[in-house]
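Good morning, and thank you for coming. Please keep the sequence and the model before you while I speak.

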Amino acid sequence: MEVVIVPDSAAGGELIAEAMANLLRRKPDALLGVATGSTPLPIYEAFAAKVRAAAVDASQARICQLDEYVGLPSGHPESYRSVVLREVVEPLGLSESSFIGPDGTADDIAAACEEYDQALVAAGGVDLQLLGIGTDGHIGFNEPCSSLASRTRIKTLTQQTRKDNARFFDSIDDVPHHVITQGIGTILEARHLVLLATGEAKADAVALAVEGPLSALVPASALQLHPHATVVVDEAAASQLKLADYFRATFAAKPEWQGI
Ligand code: GLP
């Protein structure tokens with residue numbers, strides 16, 4: 001696992017956007033897995049700026065979703081489908097046909113989950129999966145004690161995650177209890193995992209994920225199993241890392257051509 005400590009969220013966004021651009025320069029129709037929440041927004045802004053400046057051609061890029069609420073009406077502005085279309089797909093000038101995600105409105109949720117896992121395989125697999133991290137260490141919506149081998153499935157949110165996400169709704173009562181999330185096993189099939197965490201509230205979760213034992217209690221610790229996982233953190237989110245100086249020195253000495 002590579003840990004990169006950046007001065008702030010804008011620098012993290014720029015670093016990751018450049019990695020996405022480099023991927024598209026090698027593979028123009030790469031499948032980019034995107035995450036929701038506030039943390040990845042600087043990535044999307046930096047990436048869209050590169051596309052506008054013609055520093056990269058994203059016209060053949062494909063986008064896929066990490067997770068989704070269950071039961072929000074189709075087109076609800078806070079469904080993750082709506083969020084990804086609004087924050088990623090549209091700013092890149094892509095159409096809905098370049099986007100895949102699980103159907104949180106399906107009558108048969110179990111079938112919708114299985115179909116989504118199959119759709120990811122049929123699309124050739126995710127080339128680069130962006131991740132955030134919950135304050136309880138979740139990735140996607142894989143809450144603590146999610147199986148490290150899990151596939152896309154329905155999960156129940158913890159009260160903490162519902163509280164954390166209440167800011168997107170009128171009240172916490174409007175935050176769904178149930179969600180669909182790519183499983184940890186599904187996420188680990190992506191070719192490159194890139195987790196961005198910013199702010200002090202994420203410091204404990206980051207330290208447990210990066211330096212703690214591999215444990216279903218901290219779903220993000222599953223990144224330790226992946227051959228190409230990059231964790232990008234700002235100084236605040238890095239504040240509990242014992243190996244912070246080592247991570248800084250390693251990145252400073254890294255040849256630029258290597259990227260992340
Ligand atoms: C939600 C999403 C996660 C995201 C997390 C953290 O639970 N399902 O994918 O990582 O929120 O969000 P934020 O970046 O806003 O802290």
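This is a predicted model: local features need pLDDT of at least 70, side-chain atom pairs count only at pLDDT 80 or more; totals for chains, interfaces and linings use all residues.

Helices and strands are taken here as DSSP runs, numbered from the N terminus: a helix is H or I over at least four residues, and a strand is E over at least two. By that rule, glutamine 65 belongs to strand β3, residues 62-65.

Residues are numbered from 1 along each chain as its sequence is written, and side-chain values use heavy atoms, with hydrogens and water left out.

Let me stay with glutamine 65 for a moment. A residue is called buried under 20% relative accessible area, exposed over 50%, and partly exposed in between, using a 1.4 Å probe and protein chains only. Glutamine 65 has a relative accessibility of 1%, so it counts as buried. Its side chain makes a polar contact of 3.1 Å with the side chain of glutamate 68. A polar contact is a pair of N or O atoms within 3.5 Å; within protein, one must be able to donate a hydrogen and the other to accept it, and residues adjacent in sequence count only if both atoms are side-chain atoms.

I turn now to the sheets. Strands of a sheet pair through backbone hydrogen bonds, either parallel or antiparallel. Here, two strands pair if DSSP finds at least two bridges between them.

What is the order of the strands in the open sheet of seven? The order is β1-β10-β9-β6-β2-β3-β5, and the pairing is parallel. β1 (2-6) and β5 (99-100) stand at the edges with a single partner strand each, so one side of each has no neighbour in the sheet.

Five of its five residues are buried, so β1 is largely enclosed by the rest of the structure. Glu2, Val4 and Val6 point one way from β1, whereas Val3 and Ile5 point the other way. β1 pairs with β10 in the parallel sense over five bridges, and the bridge partner of glutamate 2 in β10 is threonine 230.

Strand β10, residues 229-234, runs parallel to strand β9, residues 192-197, and five bridges join them. Within this pairing, leucine 196 stands opposite valine 232 in β10.

The other sheet is open, has three strands in the order β4-β8-β7, and is antiparallel. Its edge strands, β4 (67-69) and β7 (153-156), each pair on one side only. Three bridges hold the antiparallel pairing of β4 with strand β8, residues 178-181.

Next come the aromatic rings. A pair of aromatic rings is described by the distance of the centres and the angle of the planes. Rings of Phe, Tyr and Trp (its six-membered ring) pair if their centres lie within 6.5 Å; planes under 30 degrees apart count as stacked, over 60 as edge-to-face and the rest as tilted.

How many aromatic pairs are there? The count comes to five. In one of them, tyrosine 80 and phenylalanine 141 have ring centres 5.5 Å apart and planes at 10 degrees, so the pair is stacked. Tyrosine 80 lies in helix α3 (residues 80-89) and phenylalanine 141 in the loop between β6 (128-131) and β7, so the pair ties together parts that are 61 residues apart in sequence. Tyrosine 80 is buried at 8% relative accessible area, and phenylalanine 141 is buried at 1%. Ring pairs link Tyr69, Tyr80, Phe141 and Phe169 into a cluster.

Finally, the ligand. A polar side-chain atom of aspartate 67 lies 2.7 Å from a nitrogen atom of the ligand. A polar backbone atom of glycine 140 is 3.1 Å from a ligand nitrogen atom, and a polar side-chain atom of lysine 202 is 2.6 Å from a ligand oxygen atom. Thank you for your attention.
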